[in-house]
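Please open the model in your viewer and keep the selection panel at hand. We will go from one stop to the next, and each stop says what to pick.

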Amino acid sequence: MAFVHLDVVRFYTLLICAVFSSVSSNAEIKVNPPQDFEIVDPGYLGYLCLQWQPPLSLENFEECTVEYELKYRNIDSEDWKTIITKNLHYKDGFDLNKGIEAKIHTLLPPHCTNGSKVQSLWSEATYWIAPQGNQETKIQEMDCVYYNWQYLYCSWKPGMGVHFNTSYQLFYWYDGLDHATQCAEYIQVDGQNIGCRFPYLEASDYKDFYICVNGSSDSDPVRPSYFIFQLQNIVKPLPPDYLIITVKNSEEVNLKWATPNGPIPAKCFIYEIEFTEDDTTWVTTTVENELHTTRISNKSQQLCFSVRSKVNIYCSDDGIWSEWSGKQCWKGDIWEETLEVFVMPLAFISLFAFLITCLLLYNHKTVLKMVFYGEKEVFSHQDTFC
């Protein structure tokens, strides 16, 4: 028992020594934060570059691959975006209507630190555009629509209380352009810019699209407004056309329509159908360009439907519904109407023609009889005379 007790004591002694040795070893391993951390604005209307230099005193870790943990956000946001990278820069889009804050620290991999996690203190940076003009001078109700995935239109309303001679300008940029570009074709009302018609935007899908609308005035400065979106998420397609409705076996109803014209692939559509049976209306959606349903009642007098389209979740995160197509209807009394309008009058005319024909034939037969018997009497007289 004494030997067992002695072994236990030795075991705990060695364990405590190992822990303290590890702590002492790790306490000696330190790393500095990255140097010259800053947020750089290259003039792309919100697409910023976060860049830094390696930390000092990395001579002891020449065989280690140093990593950096970067966190950033707009100042009013509750959540940080986190990136682990080995590079010395990182780019992303930000809302320049608000300030930006970021922080970064150095990470040493476990194989360089005896299996423990070693990280530096945080290095921090902020960025904001100095505000100019009152908040009320910013444009209002900015609305951008990418019609049929071909033509981009943006419109806005002037800020409140701005001078009548205030001039607004729109600039835009996306990855692929060398620099921010000004709108070439403004939409104007009373000489004031209130919108922009964009040219063909080559290779602009599935990328952040940045817009700034600023202004100038003889009286007061105008505060700029910044926007970020992706074009495929604001597409408004054309409505479907060539609607067809057929009824089989008095109950089965088949609704069919053609895919809208334009560059949007057929697989990218979702359709909303509004179906009306007499006074009852219901709405449903489908990704196919036809729908099968059944009539509520065989006695219903009229079936009508119309369709609108939108880009579905497989091709975008959001979209705008098209206008409704025209209505296509089917009337349940079509045969009765046909009977009343065509068959009955035709039958009456046919019957009348038949009666006239019979009467004419009867009259013709009577005339022939009269002629025949008249000739017979003449021959009889001739025979008597002879």
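Start by selecting E272, which is buried because its relative accessible area is 15%; buried means under 20%, exposed over 50%, and partly exposed in between (1.4 Å probe, protein chains only). A salt bridge here is a side-chain nitrogen of Lys or Arg within 4 Å of a carboxyl oxygen of Asp or Glu. The pair links distant parts of the chain, with E272 in strand 20 (residues 269-277) and R308 in strand 23 (residues 302-311), 36 residues apart. Strands (E, at least two residues) and helices (H or I, at least four) are DSSP runs, numbered from the N terminus.

A word on what you are looking at: this is a predicted model, in which local features need pLDDT of at least 70 and side-chain atom pairs count only at pLDDT 80 or more, while totals for chains, interfaces and linings use all residues. Residues are numbered from 1 along each chain as its sequence is written, and side-chain values use heavy atoms, with hydrogens and water left out.

Next, select E185 and R197, whose side chains form a salt bridge at 3.6 Å, N to O. E185 sits in the loop between strand 12 (181-182) and strand 13 (186-189), and R197 in strand 14 (residues 192-197), so the pair ties together parts that are 12 residues apart in sequence. E185 counts as partly exposed because its relative accessibility is 41%, and R197 is partly exposed too, at 33%.

Now move to K98 and D95, a salt bridge with its closest N and O atoms 3.7 Å apart. K98 has 36% relative accessibility and therefore counts as partly exposed. In total, how many salt bridges does the structure hold? There are nine.

Strands pair if DSSP finds at least two bridges between them. Which residue of strand 4 stands opposite L70? That is I83. Follow the chain from strand 3 to strand 4 and you pass through a hairpin of six residues.

Finally, show the surface and select Y147, Y151 and Y153, a nonpolar patch with about 300 Å² of accessible area together. Patches are made of residues with over 30% relative accessible area and no salt bridge, with like charges joined within 9 Å and nonpolar side chains (Val, Leu, Ile, Met, Phe, Trp, Tyr) within 5 Å. Accessible areas come from the Shrake-Rupley method with a 1.4 Å probe, and for residues only the protein chains shown count as cover. Y151 belongs to strand 10 (residues 151-157) and, at 47% relative accessibility, counts as partly exposed.
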